[in-house]
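Let's walk through this one from the inside out. Keep the viewer open and follow along.

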Amino acid sequence: RRRSGRGTAAQGEAIYSAKCQACHGEKAAGRPNDALVGGKGSLEAGKTPQKTVGSYWPYATTLFDYIRRAMPFQDSKSLTNDEVYAVSAYILNLNEIIGKDDVLDAQSLPKVRMPNRDGFIPFPRSPK
């Protein structure tokens, strides 16, 4: 089901600072909880993998859905759709996946091409 609303990284920065930074650190660098940025190129053989939104996650829609359902941790499902789109845009922008003024909404979110999108093997479907 598509979610109404929209947001940009520029709008998401203030929301992130107020509602996410305490757990994910300034500019989503991590501490005390997971880093959401960085790790570019760390999934290559012989390197220590750093699984972040920018290096590991295959779909931007998964980021939106996870934030919408589970964040902020102490107050899950408290963000409006506009806030979820804006925070998602901010995290994607920090990972240099979208621009600061790019609008995320129900139409643009599924079109975001994540760096590790092709790094997953589709699960075989069982015959019907």
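What follows covers the core, then the aromatic pairs, then the pockets.

First, the ground rules: this is a predicted model, where local features need pLDDT of at least 70 and side-chain atom pairs count only at pLDDT 80 or more, while totals for chains, interfaces and linings use all residues. Residues are numbered from 1 along each chain as its sequence is written, and side-chain values use heavy atoms, with hydrogens and water left out.

Start with the largest nonpolar core, which has 28 residues. Here a core is a set of buried Ala, Val, Leu, Ile, Met, Phe, Trp, Tyr and Cys residues joined through side-chain atoms within 4.5 Å; buried means under 20% relative accessible area, exposed over 50%, and partly exposed in between, with a 1.4 Å probe and protein chains only. The residues with the most contacts inside the core are Val53, Ile67, Ile91, Leu92, Leu104 and Val112. Helix 1 (9–19), helix 3 (60–70) and helix 4 (81–94) are the elements that give two or more residues to this core, and helix 4 gives the most, with eight. (Helices are DSSP runs of H or I, at least four residues, numbered from the N terminus.)

Now for the rings. A search of the whole structure turns up four aromatic pairs, meaning Phe, Tyr or Trp rings (six-membered ring for Trp) with centres within 6.5 Å; planes under 30 degrees apart count as stacked, over 60 as edge-to-face and the rest as tilted. Tyr16 and Tyr90 have ring centres 5.3 Å apart and planes at 45 degrees, so that pair is tilted. Tyr16 sits in helix 1 and Tyr90 in helix 4, so the pair ties together parts 74 residues apart in sequence. Both Tyr16 and Tyr90 are buried. Trp57 and Tyr66 have ring centres 6.3 Å apart and planes at 85 degrees, so they are edge-to-face. Trp57 counts as partly exposed at 21% relative accessibility, and Tyr66 counts as partly exposed at 43%.

Trp57 and Tyr66 also turn up in the largest pocket: with His24, Leu36 and Met71, they lie nearest its centre among 15 lining residues. On a 1 Å grid over the protein atoms alone, a pocket is an open set of points where a 1.4 Å probe fits, with protein on both sides within 12 Å along at least five of seven lines; lining residues have an atom within 4 Å of a point. Helix 3 gives the most to this lining, with three residues.
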